[in-house]
Amino acid sequence: MSPGFESRGETPSVQRYAGLALVGINHRVAPLSIRERLSLGASRLEGAISRCLRDGELAEVVLLSTCNRFEICGVAADPSADVVPHLVRLLSEINDVGVRDFEPFLYAHEGLAAVRHVLVAAETAGRTFLV
């Protein structure tokens, strides 16, 4: 449990994070050749977000594309749905890269673990850049 919850005596509700998941790759797990293929420039961002929301399986989506990582974080429209396979498909479709090409380097987090991943990534972003 994170120190923030313990210090306030709160317990995070697992249901609060139902349907939330994140998939991605980063410089620690994927070679540059894969990261380049999954890179998403600003000119393609709006279309990628529209594609992620088009089929109605996701209620919300966040895309993060930098030189070191590409992540899709989504909230399923149906909280009981397994959203990870859908996010993997979207990662493939919006970048036109076969799943087999990046699957060995992929990580996935669900629920509270996805929230923790985002917070840790944000906290360490300034300290883990490549030069």
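A salt bridge here is a side-chain nitrogen of Lys or Arg within 4 Å of a carboxyl oxygen of Asp or Glu. Please keep in mind that this is a predicted model. By that rule, the count comes to four salt bridges.

**Salt bridges**

- Asp101 and Arg37 join their side chains in a salt bridge, with 2.9 Å from N to O.
- That pair links distant parts of the chain, since Asp101 sits in helix H5 (residues 99-102) and Arg37 in helix H2 (residues 32-37), 64 residues apart.
- Asp101 counts as partly exposed at 34% relative accessibility, and Arg37 is also partly exposed, at 41%.
- Arg69 and Glu71 form another salt bridge, at 2.8 Å from N to O.
- Arg69 counts as buried because its relative accessibility is 14%, under the 20% cut-off.
- Glu71 is buried too, with a relative accessibility of 4%.
- Arg51 meets Asp55 in a salt bridge at 3.9 Å, N to O.
- Arg51 is buried at 18% relative accessibility, whereas Asp55 is partly exposed at 36%.
- Arg51 and Asp55 also belong to a network of salt bridges that includes Glu93.

**Nonpolar cores**

- In soluble globular proteins, nonpolar side chains tend to be buried together.
- The largest nonpolar core in this model has 24 residues, and Leu63, Phe70, Ile72 and Leu87 touch the most other members.
- Strands S1, S2 and S3 and helices H3 (42-54) and H4 (84-95) each supply at least two residues of this core.
- Helix H4 provides the largest share of this core, six residues.
- Leaving aside neighbours within four places in sequence, Leu63 has contacts that include Leu40, Leu45, Ala48, Ile49, Cys52 and Ile94.
- Leu63 is also in contact with Glu71 and Ile72.
- A second, separate core of seven residues includes Leu20, Tyr107, Leu112 and Ala114.

**The largest pocket**

- The largest pocket has a volume of about 200 Å³.
- Its lining is made of 13 residues, and those nearest the centre are Leu22, Val62, Glu71, Cys73 and Val118.
- Strand S1 (20-26), strand S2 (58-65), strand S3 (69-76) and helix H6 (112-124) each contribute at least two residues to the lining of the largest pocket.
- Helix H6 gives the most to this lining, with five residues.
- By type, the lining of the largest pocket holds twelve nonpolar residues, no polar ones and one charged residue.

Technical notes
Residues are numbered from 1 along each chain as its sequence is written. This is a predicted model: local features need pLDDT of at least 70, side-chain atom pairs count only at pLDDT 80 or more; totals for chains, interfaces and linings use all residues. Side-chain values use heavy atoms; hydrogens and water are left out. On a 1 Å grid over the protein atoms alone, a cavity is a set of points where a 1.4 Å probe fits but cannot get out, and a pocket is an open set with protein on both sides within 12 Å along at least five of seven lines; lining residues have an atom within 4 Å of a point. Grid points are joined across faces, edges and corners, and a volume is the space filled by probe spheres set on the points. Helices (H or I, at least four residues) and strands (E, at least two) are DSSP runs, numbered from the N terminus. Ala, Val, Leu, Ile, Met, Phe, Trp, Tyr, Cys and Pro count as nonpolar, Asp, Glu, Lys and Arg as charged, and the others, Gly among them, as polar. A nonpolar core is a set of buried Ala, Val, Leu, Ile, Met, Phe, Trp, Tyr and Cys residues joined through side-chain atoms within 4.5 Å. Buried means under 20% relative accessible area, exposed over 50%, partly exposed in between (1.4 Å probe, protein chains only). Contact means heavy atoms within 4.5 Å.
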